[in-house]
2 protein chains.
Amino acid sequence: MSSAAVQTPPPFTVDDYLARARRVVAAASERGLSGVLVTPGPDLVWLTGYQPTAITERLTVLVLAPDQEPTLVVPTLERPDAEAAEGVRGMKVVDWADATDPYLVAAPLLRPDGRYGISDSAWALHLLGLQKGLPGTAYESLTEGLPMMRAVKGPDELARLTAAGAAADAAYGEIVKVRFAGRRETEVAANLAGLLRHFGHEQVDFTVVGSGPNGANPHHEAGDRLIQPGDAVVLDFGGLMFGYGSDTTRTVCVGEPTQAIRDVHEIVRLAQEAGVAAVRPGATCQDIDRAARAVITDAGYGDAFIHRTGHGIGVTTHEPPYMVEGEEQPLVPGMCFSVEPGIYLSGRFGVRIEDIVTVTQTGGVRLNNTDHGLALVE
Amino acid sequence: MSSAAVQTPPPFTVDDYLARARRVVAAASERGLSGVLVTPGPDLVWLTGYQPTAITERLTVLVLAPDQEPTLVVPTLERPDAEAAEGVRGMKVVDWADATDPYLVAAPLLRPDGRYGISDSAWALHLLGLQKGLPGTAYESLTEGLPMMRAVKGPDELARLTAAGAAADAAYGEIVKVRFAGRRETEVAANLAGLLRHFGHEQVDFTVVGSGPNGANPHHEAGDRLIQPGDAVVLDFGGLMFGYGSDTTRTVCVGEPTQAIRDVHEIVRLAQEAGVAAVRPGATCQDIDRAARAVITDAGYGDAFIHRTGHGIGVTTHEPPYMVEGEEQPLVPGMCFSVEPGIYLSGRFGVRIEDIVTVTQTGGVRLNNTDHGLALVE
């Protein structure tokens with residue numbers, strides 16, 4: 001098993017980060033927001049490169065607003081760590097000490113009558129603190145206010161997602177060679193995690209191995225079940241490489257599949273194909289869901305496709321845009337997301353097929369390119 | 001190196017969980033709250049044993065209120081996982097499907113004019129969704145509304161914390177035997193992590209190795225620095241064992257300490273001693289901070305003690321109650337928290353000493369019992 005030489009992309013610079021901050025401020029203004037409040041998590045990583053050791057009850061928040069310097073509010077004792085982050089080098093830092101009120105430190109950075117976008121995953125504790133300290137302010141989640149803040153990837157980000165996708169494909173190329181029958185799901189999951197790392201992932205986020213009836217629970221991870229000959233096995237795996245995500249699913253069969261597994265797999269394959277084929281600039285997110293879902297519904301399995309068709313991917317493996325009924329966001333070149341229809345037959349088996357797709361000027365291009373047929377494993 | 005045989009405590013039962021839920025409802029009513037909303041994280045683990053595979057933008061919330069059955073709202077595709085949790089077996093479960101509005105599912109469980117406590121770490125996204133869907137409701141963070149919800153540990157919890165503390169002590173007993181000089185902080189940190197696991201931790205949360213000047217940054221974890229002869233080295237480590245936390249700190253010296261290191265270490269030792277000595281039912285949290293801080297301030301190092309004296313511990317390693325100026329919560333038998341004063345001399349070194357202490361009917365008892373003197377390592 002060779003490990004393809006992957007070139008490490010050059011790190012993001014302080015100018016890269018400041019350019020992102022400027023784009024966010026412009027988008028916020030256009031949306032009628034007074035600014036944006038970013039708490040630790042993927043939004044902050046994307047805007048500054050800073051990730052606190054732990055996300056705790058201590059307030060850390062980046063305030064972005066027009067006509068003021070990007071300002072990071074941090075606990076005093078985390079200031080040195082924050083200042084070591086590349087993006088923070090170009091920003092103002094203010095700190096607050098334990099036993100003082102962090103919202104008093106943040107308040108002067110906000111307009112008392114302002115309306116702000118705030119990170120989805122900001123703690124309720126902090127939102128309530130801001131609402132109490134500045135009763136005239138209003139808030140909306142960034143998913144609502146600026147859902148596409150991180151959705152359109154630059155070429156520097158796309159290069160990382162492409163590398164992550166290729167590594168996940170390489171992992172799939174090897175996992176189909178290992179023995180499945182008679183081994184526990186957790187053992188195959190451990191193989192998958194090792195392969196993702198071997199092919200360059202610095203972080204493994206999930207390695208779903210759903211064999212037989214376990215495959216019918218789309219959120220099953222991997223358990224003690226011994227994989228049986230004849231099982232359909234859903235393999236859904238991904239993590240981070242160069243800070244960007246991979247996420248791909250294939251369903252394999254241990255030895256000879258039943259006709260039912262073959263038929264259901266083929267329906268899902270066609271649904272996934274239809275979802276990807278629908279990708280083009282100007283199509284809406286729900287169009288992708290509808291295209292994939294129609295195939296499954298027409299085949300009589302509509303009730304068995306119990307989740308949305310896809311989700312965005314970037315510095316996380318799970319983010320806007322969501323390919324779901326009701327999401328009318330138009331697709332824009334540079335967006336990257338999963339197309340992952342599935343059919344789940346309770347007590348029997350499940351099938352899911354997933355690729356990451358990026359929107360180009362003319363259509364959709366897969367970042368996962370392993371075979372979509374039903375692979376037979378031992 | 002022997003691994004003391006530790007008996008696995010019996011698992012919590014559905015009745016244990018339901019008893020906790022009843023206590024929470026009673027405490028909420030007493031506090032004038034209409035109920036409590038608990039999202040995934042430690043509060044939910046404590047109340048149900050349920051921890052979703054990932055905490056995502058999909059709403060999962062446990063609604064506890066008087067005169068209604070505890071009800072868990074979950075995404076449809078996570079329902080099987082949720083129902084597998086011991087505590088959830090005794091509760092009602094309602095689910096919502098992708099592309100439907102989860103707040104519409106949650107709303108009938110709330111009083112339109114109610115005031116609810118909500119998990120500190122609930123996503124702002126969800127709080128804003130509830131505020132929008134039910135504009136007459138009000139919210140406060142559980143830290144504000146029911147800060148002591150998980151603070152008083154039952155005997156079943158204390159047994160787990162005691163085991164975790166003893167395991168951390170055993171790890172310390174071994175780490176002082178390894179070589180420090182000439183090795184990187186990260187190597188010693190890896191030794192520490194291995195020892196915590198060896199002695200029974202299922203999860204390692206942090207292994208701080210702050211050598212020389214790195215010890216002066218209380219949030220330094222461990223880096224590439226080669227540890228030098230003469231360095232003071234802060235070792236702060238912990239994780240989870242049987243689902244409950246450990247967290248202890250000792251500062252060691254590589255070879256012969258300078259008089260400055262000896263003096264500062266002795267001040268911190270006395271401060272920690274004073275903090276622990278102040279623990280008794282009815283004393284307030286800030287009394288503990290004041291007792292420890294007074295020793296350091298009197299010795300002229302007040303400015304160098306830049307964090308609060310302690311934090312609670314339970315199903316997390318970092319939770320209320322906080323031993324900090326302004327926190328007037330009285331101590332109650334069964335509370336468990338850290339007492340961890342420190343002195344941080346920028347560019348030179350840092351010293352911190354930390355034990356977990358539990359409040360008894362008459363005073364405080366340490367759950368960490370390794371020597372508090374300045375250990376000399378090689």
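Helices (H or I, at least four residues) and strands (E, at least two) are runs assigned by DSSP, with numbers that start from the N terminus. With those element names at hand, here are the close-ups; please keep in mind that the model is predicted.

**View 1. The contact between chain A and chain B.** In this view, 37 residues of chain A meet 37 residues of chain B. Putting the two chains together buries an area of about 3200 Å², and 58% of this comes from carbon and sulfur atoms. Look for Leu77(B), Leu128(B) and His219(B): on the chain B side they supply 19% of the area buried against chain A, more than any other three residues.

View 2. The rule finds 4 salt bridges between chain B and chain A. One of them is formed by Arg308(B) and Glu57(A), whose closest N and O atoms are 2.8 Å apart. Helix α5(B) has the largest share, with 6 residues. Sorted by class, this side of chain B holds 14 nonpolar, 12 charged and 11 polar residues.

**View 3. The second largest pocket.** This pocket holds about 1300 Å³ of space. Its lining has 49 residues, and those closest to the centre come from both chains: Tyr103(A), Leu125(A) and Gly129(A), along with Ser141(B) and Glu144(B). Two or more lining residues come from each of α4 (102–106), α5 (124–133) and β6 (138–141) in chain A, and from each of α5, β6, α6 and β12 (319–323) in chain B. Which element gives the largest share of the lining? That is α5(A), with 8 residues. By class, the lining comprises 22 nonpolar, 15 charged and 12 polar residues.

View 4. In chain A, the peptide bond from Pro320(A) to Pro321(A) is cis, and its omega is near 0°. Pro321(A) sits in strand β12 of chain A, residues 319–323. In chain B, Pro320(B) and Pro321(B) are likewise joined by a cis peptide bond, here with omega of about 5°. Pro321(B) belongs to strand β12 of chain B.

**View 5. A positive phi at Phe242(A).** Although Phe242(A) is not a glycine, its phi is positive, at about 50°. You will find Phe242(A) in the loop that runs between β8 (232–241) and β9 (244–245) of chain A.

Conventions. Residues are numbered from 1 along each chain as its sequence is written. Chains are lettered from A and ligands numbered from 1 in the order in which they are written. This is a predicted model: local features need pLDDT of at least 70, side-chain atom pairs count only at pLDDT 80 or more; totals for chains, interfaces and linings use all residues. Side-chain values use heavy atoms; hydrogens and water are left out. Contact means heavy atoms within 4.5 Å. Buried area is the accessible area (1.4 Å probe) that two parts lose on being put together, summed over both. A salt bridge is a side-chain nitrogen of Lys or Arg within 4 Å of a carboxyl oxygen of Asp or Glu. Ala, Val, Leu, Ile, Met, Phe, Trp, Tyr, Cys and Pro count as nonpolar, Asp, Glu, Lys and Arg as charged, and the others, Gly among them, as polar. On a 1 Å grid over the protein atoms alone, a cavity is a set of points where a 1.4 Å probe fits but cannot get out, and a pocket is an open set with protein on both sides within 12 Å along at least five of seven lines; lining residues have an atom within 4 Å of a point. Grid points are joined across faces, edges and corners, and a volume is the space filled by probe spheres set on the points.
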